[in-house]
Amino acid sequence: MYTSAYSIFAGGSSLRWVRDNLFAEFGPQAYGEIDRLAQSAPVGANGILFNPSLAGGTSQDKSVNIQGAFVGLSLLNNRADLARSVLEGIALNLKQSITYLQRKVQMEDEILICGGGSKSAVWLQMFADILDVRVLKTNIDQDAASLGAAAIAAKGMKRIGSYQVIDGIHRREACYSPDRAVSEQYKAVAKRFNYLAEVLSEFGDYCGV
């Protein structure tokens with residue numbers, strides 16, 4: 001049996017960093033405010049790209065010394081653009097992971113998303129558009145890892161005969177389908193994002209981080 005090692009180190013933590021440093025005044029409503037502002041900005045965040053590599057690089061990056069960055073800022077940009085660029089940047093970074101994984105295995109056209117990010121309908125639609133797949137949300141949310149651990153233990157103790165019993169625990173709550181026109185727009189944004197990732201890797205090496 002195999003598991004994928006493709007990942008990013010600072011998806012949720014980079015969003016939390018942005019919340020604490022750029023949206024702290026909104027308190028408990030900060031994530032909701034990020035969603036609201038992001039939804040008001042256009043695809044591509046008016047030219048801003050955010051790379052969420054705030055904790056260094058993974059196996060998919062050109063260098064472990066890659067650093068995070070906001071790039072493309074101008075006097076025309078505002079907080080809404082920053083908010084959208086952050087959500088887009090994390091999704092685009094995960095798109096890199098999926099692209100590498102697709103070179104190794106055949107993947108389905110539907111992805112289950114769980115964790116704190118699954119609470120944001122705005123972000124889930126963005127994931128669908130950027131990843132160009134259907135995004136499924138179930139009732140499991142942040143308990144996915146705990147459920148998996150419990151299932152392994154139950155199987156090992158012979159309390160369950162197969163893992164198929166887990167399917168019955170999931171209840172589909174929503175499914176987000178990609179908007180083809182928006183997905184095409186994101187293909188161009190993804191090319192810029194991938195180029196930026198290479199530049200940031202080289203910059204990190206140059207600086208000796």
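The lining of the second largest pocket divides into seven nonpolar, two polar and one charged residue. By class here, Ala, Val, Leu, Ile, Met, Phe, Trp, Tyr, Cys and Pro are nonpolar, Asp, Glu, Lys and Arg are charged, and the others, Gly among them, are polar. Those lining residues are L112, A144, L147, G148, A151, I152, Y163, I166, D167 and H170. Helix α5, residues 144-156, gives the most to this lining, with five residues. The space in this second pocket is about 360 Å³.

Some housekeeping on the source. This is a predicted model, in which local features need pLDDT of at least 70 and side-chain atom pairs count only at pLDDT 80 or more, while totals for chains, interfaces and linings use all residues. Residues are numbered from 1 along each chain as its sequence is written, and side-chain values use heavy atoms, with hydrogens and water left out.

As for terms, the search runs on a 1 Å grid over the protein atoms alone: a cavity is a set of points where a 1.4 Å probe fits but cannot get out, a pocket is an open set with protein on both sides within 12 Å along at least five of seven lines, and lining residues have an atom within 4 Å of a point. Grid points are joined across faces, edges and corners, and a volume is the space filled by probe spheres set on the points. Helices (H or I, at least four residues) and strands (E, at least two) are DSSP runs, numbered from the N terminus.

Now the largest pocket, with a volume of about 1,300 Å³. It is lined by 43 residues, and L94, I111, L112, I113 and C114 are the closest to its centre. Which element gives the largest share of that lining? Helix α3 does, with six residues. By class, the lining has 21 nonpolar, 15 polar and seven charged residues.

The whole structure has one cavity of 30 Å³ or more. The largest cavity holds about 40 Å³ of space, and N93 is one of its lining residues, which also include S7, F9, P52 and D61.

Helix α3 (residues 79-102) and helix α6 (residues 180-207) pack at an angle of about 80°, with their axes 10 Å apart. Axes are lines fitted to C-alpha atoms, for helices over the stretch in contact, and angles run from 0 to 180 degrees between N-to-C directions. That makes α3 roughly perpendicular to α6, since angles of 65 to 115 degrees count as such, under 35 as roughly parallel, over 145 as roughly antiparallel and the rest as oblique. On the α3 side are R84, E88, G89, L92, N93 and Q96, and they meet Y186, V189, A190, F193, N194 and A197 in α6. Contact means heavy atoms within 4.5 Å.

Last, the salt bridges, each a side-chain nitrogen of Lys or Arg within 4 Å of a carboxyl oxygen of Asp or Glu. The structure holds ten. In one of them, R134 meets D109 at 3.3 Å, N to O. R134 is in strand β4 and D109 in the loop between α3 and β3, 25 residues apart.
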